[in-house]
Amino acid sequence: MKFMKLGSKPDSFQTDGNNVRYVASELATDIVVNVGEVKFYLHKFPLLSKSERLQKLVAATNEGNSDEVHIPDIPGGPSAFEICAKFCYGMTVTLNAYNVVAARCAAEYLGMHETIEKGNLIYKVEVFLSSSIFRSWKDSIIVLQTTKSLLPFSEDLKVISHCIDSIASRASIDVSRVDWSYTYNRKKLSEENVNDPKWKGVGNRPVVPKDWWVEDLCELEIDLYKRVMMSIKTQAIVSHEVIGEALKAYALKRLPGFSKGMIPNGEMVKFQSTVDTIVWLLPVEKCSVSCSFMLKLLKAAIFMDSRERTKSELVRRIGQQLEEASVNDLLIRAPEGEITRYDVDTVQKIVEEFLKQEQNAEIESTADPELQEVVRRPGILSDASKLMVAKLVDGYLAEIAKDPNLPLSKFVDLAELVSGFSRPAHDGLYRAIDMYLKRIWYKICESTSSGLEHLLEARYNDNAGREHPEIGKSERKRICRLMDCKKLSVDACMHAVQNERLPLRVVVQVLFFEQVRATATSGSSTPDLPKVIKDLNSASHGSSRSVTTNTEEDWDAVATLEELKAIKGELASLRLGNGVGASDRNSGDGKGSTIDKAAMNKMKGLLMSRKIFAKLWSSKSGQGENSGSDSSGSPGSANPEEAKSTPSRNRRHSVS
């Protein structure tokens, strides 16, 4: 730290209690200067020879026959006045970064200019500031911190602006010229200079990271920090990545709990101002800061109820980098008073902003055909970005589906935003849908039954689905239409065909497309699929009893015993037929025969595992029946008459 000594006489100021200062001298004091609650017993001559204000004050007191003057509003208070008084006496005074601004402001207040006496205090302090303080990195920061309590003098005297210019110019200097000390305690050191040719062969000289200055600036209050960062950005030398790193470091320093996504309740106004300023300072360039960092800022802004402009700006910027986010980043707690657990509306706005990039690019590209290629390229979304966002939304849907208060409309609306994004598999979306249906079933069972027998009764009760508005036929149809059964993996298909929460039509479609896939894998031609599966899949009308006569009811319909027999019989014939046909066609080709057998065995395991059909089409009348075994022709009832009396349309509801 730089310092400067003024004067040569020994310090003879004495203290009498907490509020009295005097000069130990043979001469009696002849003036009392009241600075706040402190009294200074001094001599007129040394003071009046250097202070214009004291000259005027003493002249006024002489007219009133008083030896006391009052200067309650001197900047820096008693300590700053004592520095000025010692300078007047010629006593030794040490100036440093912590007291120099106070001394400068107090000298200005007392009028200690060169016109009063050459080499006065103002001149001495200005020389010290310009020759030492403003040339030191850390001293400039310390001085800037002390200026806040000395406003408006420190601002009027341009001490603040000089400090800011000094700090900004040093932060923008080439790292090869940094030869002063700085604070850098961060775990991950920058490595951008490691391979720089100019550093090779420089012995053991440490590499200076480009963001060497960010931690020292974290000591500044937010208003001063804002002005320094604006000055650094104005010089346009520091990269936007380093600016972003500086803002991140400041948020971690000034917002307790920020790294964990939590903001304390205390000092809400102060923290709100910090968040608003950080967002305002974000560089305009994309990817200046990580998407995860901005989502933490958004969580803080929502928690502290920041200005809508701040939240809207964050939503816009997050949407431009949404492919970088994780599911955990998007789990934003809903504001107080909301019934849902998470703020789904905000996430939907973020996804909409992501989609706007391509829309805006298309609009701009058509405005000027000559500049079409130049304008379109930066804004068009890549297939990889779309795929990552689609998977991100699928994972997010699976998490929010656990919320018992989540409306179906919010779930579906968010899923439909990315429905146009092509993705190779819909397993993630299926998992989210299954999670939502499972949560609804648990909610129904908790609200309608307390014991096991009631739970079983709710499984087969038609009214269970009707009483809950979210599990009606149209809603189940709407949510299940979000996924493409053709894009489910084999494992997902195995789960789906045994999933008692899915509508019958969805299960049949899964079976249909899995059979087509198995056949295509075997290399044989498309088989004659079972008529019942074909009819249910194509939603044809006006056929026999096995064909659906009401499209809406198909989604919750349960097959009759006759339909069960027909389906299992035709599937058995299909498997046998495919096996024989494959053997005949590939009798001369052992490889082809092996493929057909593998495909047939795979489909056989798919269709017969865990008594699939007994679970799919079990009806209320079958409560006393035993499900057929894997080798049986159909899951028939022990009492045929009882089976015939079963209503033709039931709803299948169950819990896993």
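This note sets out, point by point, the main features of a predicted model of one protein chain.

1. Overall composition. The protein chain of this predicted model contains 31 helices and 7 strands. Of its 656 residues, 48% count as buried. Among contacts between residues at least 6 apart in sequence, 71% join residues at least 24 apart.

2. An open sheet is formed by 5 strands in the order 2-3-5-4-6, with mixed pairing. Its edges are strand 2 (13–15) and strand 6 (68–70), each of which pairs on one side only. On average, neighbouring strands of this sheet are turned by 25° against each other, direction ignored. In general, strands of a sheet pair through backbone hydrogen bonds, either parallel or antiparallel.

3. Pairing within the sheet. Strand 3 (residues 20–23) pairs with strand 5 (residues 38–42) in the parallel sense, over 3 bridges; here Val20 has Lys39 in strand 5 as its bridge partner. Strand 4 and strand 5 run antiparallel and are joined by 5 bridges. Strand 4 also runs parallel to strand 6, to which 3 bridges join it. Val33 takes part in both of these pairings: its bridge partner in strand 5 is Phe40, and its bridge partner in strand 6 is Val69.

4. The hairpin. Strand 4 and strand 5 form a hairpin with 2 residues between them. Gly36, in the turn, has a positive phi of about 65°.

5. Cover of strand 4. How many residues of strand 4 are buried? The count is 5 of its 5 residues, and the strand is mostly covered. Both faces are covered: Ile31, Val33 and Val35 are buried on one side, and Val32 and Asn34 are buried on the other.

6. Helix 3 on the sheet. Helix 3 (residues 77–89) lies across strand 2, strand 3, strand 4 (31–35) and strand 5. The helix runs at about 5° to strand 5.

7. Strand 1 and strand 7. Strand 1 (residues 3–6) runs antiparallel to strand 7 (residues 93–96), and 4 bridges join the two. Leu6 has Val93 in strand 7 as its bridge partner. In strand 4, by comparison, both faces are covered.

8. Helix 6. Helix 6 (residues 137–146) is mostly covered, with 8 of its 10 residues buried. The buried residues are Trp137, Asp139, Ser140, Ile141, Ile142, Val143, Leu144 and Thr146. Their cover includes helix 4 (100–110), helix 8 (159–171), helix 9 (214–217) and helix 10.

9. Helix 10 against helix 12. The axes of helix 10 (residues 222–235) and helix 12 (residues 268–281) come within 10 Å and cross at roughly 5°. Helix 10 is therefore roughly parallel to helix 12, since angles under 35 degrees count as such. On the helix 10 side, the contact involves Ile222, Tyr225, Lys226, Met229, Met230 and Lys233. On the helix 12 side are Ser273, Thr274, Thr277, Trp280 and Leu281. The residues of this contact divide into 6 nonpolar, 3 polar and 2 charged.

10. Gln321. Gln321 is found in the loop between helix 14 (308–320) and helix 15 (327–330). Is Gln321 buried or exposed? At 3% relative accessibility, Gln321 counts as buried, because the limit for burial is under 20%. Leaving aside neighbours within four places in sequence, Gln321 is in contact with Lys286, Cys287, Val289, Ser290, Cys291 and Met294.

11. Arg476. Arg476 lies in helix 23 (residues 473–480). Its relative accessibility is 1%, so Arg476 counts as buried. Arg476 and Leu437 are 39 residues apart in sequence, and their C-alpha atoms are 8.4 Å apart in space.

12. Cysteines. How many disulfides does the model contain? The count comes to 0, by the rule that the two cysteine sulfur atoms lie within 2.5 Å. Cys218 has a relative accessible area of 3% and is therefore buried. Cys480 is likewise buried, with a relative accessible area of 3%.

Notes: Residues are numbered from 1 along each chain as its sequence is written. This is a predicted model: local features need pLDDT of at least 70, side-chain atom pairs count only at pLDDT 80 or more; totals for chains, interfaces and linings use all residues. Side-chain values use heavy atoms; hydrogens and water are left out. Axes are lines fitted to C-alpha atoms, for helices over the stretch in contact, and angles run from 0 to 180 degrees between N-to-C directions. Angles under 35 degrees count as roughly parallel, over 145 as roughly antiparallel, 65 to 115 as roughly perpendicular and the rest as oblique. Contact means heavy atoms within 4.5 Å. Ala, Val, Leu, Ile, Met, Phe, Trp, Tyr, Cys and Pro count as nonpolar, Asp, Glu, Lys and Arg as charged, and the others, Gly among them, as polar. Buried means under 20% relative accessible area, exposed over 50%, partly exposed in between (1.4 Å probe, protein chains only). Two strands pair if DSSP finds at least two bridges between them.
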